[in-house]
Amino acid sequence: MSATAFRTHRAGELTRAHVGQDVRLGGWVHRRRDLGGLVFIDLRDRAGLVQLSCNPEWTAPEVMERAAAAGGETVVLVEGRVALRPEASRDVDLPSREVEVHVTGFEIVGPAVTPAIPVARKEREDLPAEELRLKHRVLDLRRPELQRNLVLRHRLLQRARQTLTELEFLEIETPILTKPTPEGARDYLVPSRVHPGEFYALPQSPQIYKQLLMVAGYDRYFQIARCFRDEDLRADRQPEFTQIDLEASFVSAEDVQDAVERVLVDLWAEGGVEVAAPFPRLAWREAMERYGVDKPDLRYGLELRDLTPMLGRDAAPFLAEARANDGRLRGLVMPGGAALTRKELDALTAIAKEAGAGGLIWARRGAGAWEGQGVKAVGQALLDALGGGEGDLLLAVAGPDGITSPALHAVRAALIRRPDAKLLSAHAFAWIVDFPLFERDPDTGRHVPAHHPFTAPHPADAGRLETEPGGVRALHYDAVYNGNELGSGSIRITDPAVQRRIFELLGLPESEIRRRFGFLLDGLAAGAPPHGGFALGFDRITMLLAGAGSLRDVIAFPKTTAARALFEGAPTSVAPDDLLALHLKPADQ
């Protein structure tokens, strides 16, 4: 309710229906205009703006004087009567801008210093630098666009809760102070004052707890979970974030995906976009083959192709050498791409090189003939076999898949960002399934979990776990949307013997297994139902539905990419006595 002891309405709620009513308002001075004895103020609150009109016909001199003295961002209480604005100044697209309040009472209750950053901006005026805005976050949060984003965030949270409750999931909180259990990033550690030398960890996710809830018989769980990861600096990642976490018992991967699809369809509907389920499913290998990435943007074509079988004897020797070293020639054909200038092609080459390729082969088809530096490289036999039409552009990279996939993905991503890219659909969801269970650590060469060590192996590959672990698929699945990963999930290991063997394959000794995961193994041994779950990145979903450019635009008090909270000045040093109380020594001792 907006009515309180101080106000009868919010400013942005007033419409034609309120004309003639006496109202009390409270809000911030957005703009003030003094026009020769008349004072006009745009009053702002969470609901929007309304114009205050101070005129000697209805406003007492002392009230006029207080209104004329109110600076920007000052908090005021106002009394007056709602009236239609003069027709020339009405905004029929914004109901509160069709009316104004004829002020009879005006009181300054929150004087404000000159704002360090502007809240009221002129149209198309650039924002101040982001670090400055984060330092003065309270002012930045007054911007209408950020307020809209946080209102949307609230609505999405409530819609998720409603949908999951309708699906008979129970909202259950899991601990924030927990046990260090590696899940792919470093833990934030919290020293214990009452247990010297021992530490809690802030959860990277509720993973083990939600599995234990399934063992405990709670059947369907969800949580709007706060998670913490001490990762190295990465653009648009936050050290603390929110996920919609869920787990269910007696389910297949498809059952979990059906529930997640229902949540996503409802969230997009709350954001004003109608989408349909079920979502298409692509095997991980197929996604990598066709798009070079496991979170492909399916709104566009431009699929990658294996050009190796088309190579003839007239191809350049370096392509035969790449083929002999287990490499391939892969590429894509862009219809109409022959119109790209040499400067644009050089920029694409730089993108491919930045992604690890030695270069980018290109050829464009003119009136009946191919031209460009790639013609001699790939040979006429390949170009004849390629087909296509006039105006086509061939872009290709040679080498092992570990080179060609990221390079061609980067090139494709650059092409679909062009304003002339052909859009096949506006909203493209998909499931990526059958991920590898393990991948190789590039530094040690050892097997590490492709996601986390609690994911069940694909039943069809279980026999290869001992002989060929790198070829085992996982019962893991990712949801992607327009080239963004929305979340990940899997069917879990429920046999403690299999879970223990996975830990052993990862090189963990028995003592470490017991120390880190003994409570999970004991729980599984108590009788575990088949279960699986998922976690949706809620901050990213909100960012996408808000059309925001950054995660920081949909979080009230975000951190910088350097994991600093500029407004409150965190992290910060701690007094030596406070450290000693936690049984810690200052770094210089």
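Student: Which helices and strands each supply at least two residues of the lining of the second largest pocket?

Tutor: In this predicted model, they are α7 (284-291), β13 (328-334), α12 (401-416) and β18 (438-440). Helices (H or I, at least four residues) and strands (E, at least two) are DSSP runs numbered from the N terminus. A pocket is an open set of points on a 1 Å grid over the protein atoms alone, with protein on both sides within 12 Å along at least five of seven lines, and lining residues have an atom within 4 Å of a point.

Student: How many cavities of 30 Å³ or more does the structure hold?

Tutor: In a cavity a 1.4 Å probe fits but cannot get out. The structure holds four of 30 Å³ or more. The second largest cavity contains about 110 Å³ of space. Its lining is formed by 13 residues, with E231, D232, R237, Q238 and P239 nearest the centre.

Student: At what angle do α5 and α14 cross?

Tutor: The axes of α5 (residues 207-215) and α14 (residues 510-525) come within 10 Å and cross at roughly 20°, which means α5 is roughly parallel to α14. Axes are fitted to C-alpha atoms over the stretch in contact, with angles from 0 to 180 degrees between N-to-C directions; under 35 degrees is roughly parallel, over 145 roughly antiparallel, 65 to 115 roughly perpendicular, and the rest oblique.

Student: Which residues make the contact of α5 with α14?

Tutor: I208, L212 and V215 of α5 meet F517, F519, L520, G523 and L524 of α14, contact meaning heavy atoms within 4.5 Å. Seven of these residues are nonpolar, one is polar and none is charged.

Student: And α4 with α15?

Tutor: The axes of α4 (residues 144-166) and α15 (residues 538-546) come within 10 Å and cross at roughly 125°, so α4 is oblique to α15. On α4, N149, L152, R153, L156 and L157 meet F538, D539, T542, L545 and A546 on α15. This contact has six nonpolar, two polar and two charged residues.

Student: What conventions apply?

Tutor: Residues are numbered from 1 along each chain as its sequence is written, and side-chain values use heavy atoms, leaving out hydrogens and water. Local features need pLDDT of at least 70 and side-chain atom pairs count only at pLDDT 80 or more, while totals for chains, interfaces and linings use all residues.

Terms used:
Nonpolar A, V, L, I, M, F, W, Y, C, P; charged D, E, K, R; others polar. Points joined across faces, edges and corners; volume = space filled by probe spheres on them.
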